[in-house]
Amino acid sequence: MRIIEIYPETVSDGYGIRYAIYFAGCSHGCPGCHNPEGQNPDTGDELTDRFFDIICNEINGNPLLDGVTLSGGDPMYRADELLDFLQKLRSRTSCNVWCYTGYTLEECCSDPVRRECLKHIDVLVDGRYVEALRDPRLDFRGSSNQRIIRLDEIRDQL
């Protein structure tokens, strides 16, 4: 996995103060994408064990954080690597996790690895960005087709 950007404190990527990690790689190619440079899977810095330790230390060292947000690109682009990341993140931090993905919940559930990732995500913001459905009044979404889904409330139904 590669990381293109980290925002140690942001209020733009979910409720409260969040630690946002933007992963490289996305195959959706949504016209009007807010982060087109994130589509390239080879951009950014490689997520090494040392880099992961730094991330966890920053998260655990900030008592103001309400959680961690994963965005990109698309974190689900490399779902097998995301699963490993999520499992390790859960074992090292107690923050809730939001994840933005261009895949819908239904698409995630139909893929065994993405479905497993959902077990470690509390809130999923799903769906491709659709420029014609852009609505700047929406909280934490770019277009009206995207949903904010509380997976922590429906986990037993997945």
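This is a predicted model: local features need pLDDT of at least 70, side-chain atom pairs count only at pLDDT 80 or more; totals for chains, interfaces and linings use all residues.
View A. Cys95 is in no disulfide, and the nearest cysteine sulfur, that of Cys56, is 9.6 Å away. With a relative accessible area of 13%, Cys95 is buried (buried means under 20% relative accessible area, with a 1.4 Å probe and protein chains only). Cys109 is likewise in no disulfide, the nearest cysteine sulfur being that of Cys108, 6.9 Å away.

**View B. The largest nonpolar core.** This core, a set of buried Ala, Val, Leu, Ile, Met, Phe, Trp, Tyr and Cys residues joined through side-chain atoms within 4.5 Å, has 34 residues, and those with the most contacts inside it are Ile21, Ile55, Leu70, Phe85, Leu118 and Ile121.

**View C. Surroundings of Phe85.** Leaving aside residues up to four places away in sequence, Phe85 touches Met1, Ile21, Phe23, Leu47, Phe52 and Leu70, where contact means heavy atoms within 4.5 Å. A second, separate core of five residues includes Trp98, Tyr100, Val123 and Val125.

**Notes.** Residues are numbered from 1 along each chain as its sequence is written. Local features need pLDDT of at least 70 and side-chain atom pairs pLDDT 80 or more, whereas totals for chains, interfaces and linings use all residues, and side-chain values use heavy atoms, with hydrogens and water left out.

Technical notes:
Buried means under 20% relative accessible area, exposed over 50%, partly exposed in between (1.4 Å probe, protein chains only). A disulfide is a pair of cysteine sulfur atoms within 2.5 Å.
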